[in-house]
Amino acid sequence: MVSSLRGALDKIVDRPVGAVRNRLSLVVPRSAARRWFKVWDTHRGWKVPRDAAGSTFWPEKLWFLPFLLPEICVMKPHREHVLRANRASYDAMAAAGNPLCRPARPEELSDPLKTVDAAGWLGDSISGWDVLCLAAGGGRQSLLYAAAGARVTVVDLSPGMLELDRQVATQYGHDFRLLETSMDDLSGLDAGEFDLVIHPVSTCYLPGVAGVFGEVARVLRPGGLYVSQHKTPTSLQATTDRTEGGHYEIRDRYYRDEPISAPEKKNSTTRRLRESGAVEFLHRWEELIGGMCRAGFVIEDLVEPMHADGTVMAGTFADRAGYIAPYVRIKARRVPGQAPETRSRTLWLP
Ligand SMILES: C[S@@+](CC[C@H](N)C(=O)[O-])C[C@H]1O[C@@H](n2cnc3c(N)ncnc32)[C@H](O)[C@@H]1O
């Protein structure tokens, strides 16, 4: 009886405790987090910790307080901590000349629209369009869209990435508007300012995407286009390398609030799949596709950019891409006049 009660209680508390543990590890040194959870584990064995003299450290009836406190303290700064970590990660990558942080090459500028839009989603010309390059600092997107004739605004969290846009603007004589903010806070931009929002892979750097889609819907003109790319949920869930059995395996839960676990190894494959020092989150399909629809978009097309190569060595990025599509690219259009719906609904199907 006692042991089944213990088992039931452990099941109920395990999930929140796992979430707290993850959150805690983001804001306090791991050694401190370990100390906290050593106390928790002691509690799980139903031994209330005692000092050398045999007194308990806290009144037995209040044993849960220390476990609640970190949750209360950590909930609020969580988003800020994530932003800080991801800003630092991209600042460091920009300073190191990481491939994700390189401006467009001169040869890509000869037909810039083709470079950015191989699928032809944007039509024959975007000359004169107001384009928001969202979470797209680094001097690549801004330069290409400006070369295609657009008026360009760049939003990015990382000053290091925006500095690269500043440099290419000076070098090529463009006039970009640069805004340092998080993609889910576009309060510095007016409603209905843009014909097109392009959004390279970056939603993974925020715990939630609904706020981003709401902001994009607000700053787009009715009928405007939203072209975004995302890491696929399966790619974030799976091992980055083949396991001993030779398989890529699902490692992380699909339904989760906490960040994705760090890669098992550091090598050229993991460097393509995860950014060093960044905190990344999985967004489920219903959050990506359903989230866009609920924010007032219709999905017009969806592609999985091809990165697979069956001839390469096992464990490489292109080998893994043969099993798991790393990215998805979505073309969505802001429905004219449609009020964004904020609540999800459950459909009853017979
Ligand atoms: C994969 S890079 C995209 C830019 C890349 N140069 C390109 O052209 O595809 C992701 C970008 O997202 C930015 N970022 C990360 N978290 C962000 C956030 N919360 N809000 C805005 N930008 C963010 C990073 O600073 C980085 O510049």
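User: Which residue in strand 4 does Leu132 stand opposite? Please take me through that strand and what surrounds it.

Analyst: Leu132 stands opposite Val197 in strand 4. Keep in mind that this is a predicted model.

Let's start with the strand itself. Strand 4 covers residues 194-199, and it's mostly covered, with six of its six residues buried.

Now for the neighbours. Strand 1, residues 130-134, is joined to strand 4 by three bridges, and the two run parallel. Strand 5, residues 220-231, also pairs with strand 4: five bridges join them, again in parallel.

How does the chain get from strand 4 to strand 5? Look at helix 8, residues 210-219: together with strand 4 and strand 5 it makes a right-handed β-α-β unit. Zooming out, the protein has twelve helices and seven strands. Of its contacts with a separation of 6 or more, 69% are between residues 24 or more positions apart.

Finally, the ligand. There are 22 residues around it, and Tyr90, Ala135, Gly138, Ser158 and Pro200 come nearest. Helix 4, residues 78-96, gives the largest share of that shell, with three residues. Sorted by class, the shell has 13 nonpolar, seven polar and two charged residues.

Methods. Residues numbered from 1 in each chain as written. Predicted model: local features only at pLDDT ≥ 70, side-chain atom pairs only at ≥ 80, totals over all residues. Buried ≥ 20, exposed ≤ 12 C-beta atoms within 10 Å, placed from the backbone. Helix = DSSP H or I, 4+ residues; strand = E, 2+ residues; numbered from the N terminus. Pairing = 2+ DSSP bridges. Right-handed = clockwise from strand over helix to strand, strands pointing away. Near = placed C-beta within 6 Å. Nonpolar A, V, L, I, M, F, W, Y, C, P; charged D, E, K, R; others polar. Contact = placed C-beta atoms within 7 Å.
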